[in-house]
Amino acid sequence: MKTKIAFSLGLAAMTLMASSALAADKLTLQLKWVTQGQFAGYYVAKDKGFYKEAGLDVEIKPGGPDVAPPQVIAGGGADVVIDWMPSALATREKGLPLVNIAQPFKRSGMMLTCRKETGITKPEDFKGKTLGVWFGGNEYPFLSWMNHLGLKTNGGPDGVTVLKQGFNVDPLIQKQADCISTMTYNEYWQVIDAGIPADQLVTFKYEDEKVATLEDGLYVLQKSLDDPKMVDKLARFVKASMKGWEYTRANPDEAATIVLDNDASGAQTEKHQKRMVAEINKLTEGSTGVLDVAAAERTVETLLGGGSDPVITKKPEGAWTTKITDAAK
């Protein structure tokens, strides 16, 4: 009899576990880049069970140099993607209806890092210099900035020479470029680690130059917002994700360890990830996930100011919504 009772209880427990697993709504998030502290909040939300508590089974797909989040979501490979607003708006204008549903990053981490020996002390000194620039969507803020400075990007003494920069700092180390694109939380520290001390560098943050655009927002296709069940799922996802970011700010070292545990490549180091999480926390501090419309409109104005080659040609309509963050409250 005891055996039968134990068997029945075990069967009931297994049935309950199975039904719970079936009840979890699946959702796939495509990252903009490889597994690193830049995305700590999402890995923390999964590791600490915040997604599970929200009834979600979230798959986090790392990105990389050959992964374009808009292409992934267009092909049905993700429900939500992380992208920079310039890239998302340019993609939207080309016909893919991406919509920003939340903005965990309040500030931009993008900057140009230059060797002090080049004599560059202010943006006007870029004239005649060679600048390393990331492409694949990351070039848009740079191109707009150069337009604001009145500098053409096709070389010559009155313009700048653009070096298409790989996702490394080699052009600065090898003196192929006077300045390169860096993020406050990543490549800048790679330059330091390569042996160039901070006092031999000059940095120009996009935020300080008033040309910053919004980075690392959460985007979905319009059709997801037309589906009430998906809206509910996305609201739970955003709320749990922001809980993950809050935990990351309160526990940065633990968050870095969680990121490392999820790095299948084994390429990341504890030192670098701890520094990255610390810098990322400065960019997300104070964020509730709700998009600052004024910041979005400034991004649009920056992108429209592209001279003869603007990033976008007209102000977008329906490119962001508070529908999800309102539902997440």
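**Figure 1. The largest nonpolar core of the predicted model has 66 residues.** A nonpolar core is a set of buried Ala, Val, Leu, Ile, Met, Phe, Trp, Tyr and Cys residues joined through side-chain atoms within 4.5 Å; buried means under 20% relative accessible area, exposed over 50%, and partly exposed in between (1.4 Å probe, protein chains only). Tyr42, Ile101, Phe126, Leu218 and Phe237 have the most contacts inside this core. Helix H10, residues 228–250, gives the most to it, with nine residues. Helices (H or I, at least four residues) and strands (E, at least two) are DSSP runs, numbered from the N terminus. Apart from this core lies another, of 22 residues, including Val72 and Met85.

**Figure 2. Close-up of Leu218 and residues that it touches.** Contact means heavy atoms within 4.5 Å. Not counting residues up to four places away in sequence, Leu218 touches, among others, Leu29, Tyr42, Ile101, Pro104 and Phe237.

**Figure 3. Ser287 lies in the loop between helix H12 (270–284) and helix H13 (293–304).** Ser287 is buried, with a relative accessible area of 7%. Its side chain reaches the backbone oxygen of Gln103 at 3.2 Å. Beyond its neighbours within four places in sequence, Ser287 is in contact with Gln103, Pro104, Lys106, Met242 and Arg249.

**Figure 4. Asp125 lies in the loop between strand E5 (110–115) and strand E6 (130–133).** Leaving aside neighbours within four places in sequence, Asp125 is in contact with Gly119 and Ile120. The C-alpha atoms of Asp125 and Val160 are separated by 10.0 Å, with the two residues 35 apart along the chain.

**Notes.** Residues are numbered from 1 along each chain as its sequence is written, and side-chain values use heavy atoms, leaving out hydrogens and water. In this predicted model, local features need pLDDT of at least 70 and side-chain atom pairs count only at pLDDT 80 or more, while totals for chains, interfaces and linings use all residues.

Notes:
A polar contact is a pair of N or O atoms within 3.5 Å; within protein, one must be able to donate a hydrogen and the other to accept it, and residues adjacent in sequence count only if both atoms are side-chain atoms.
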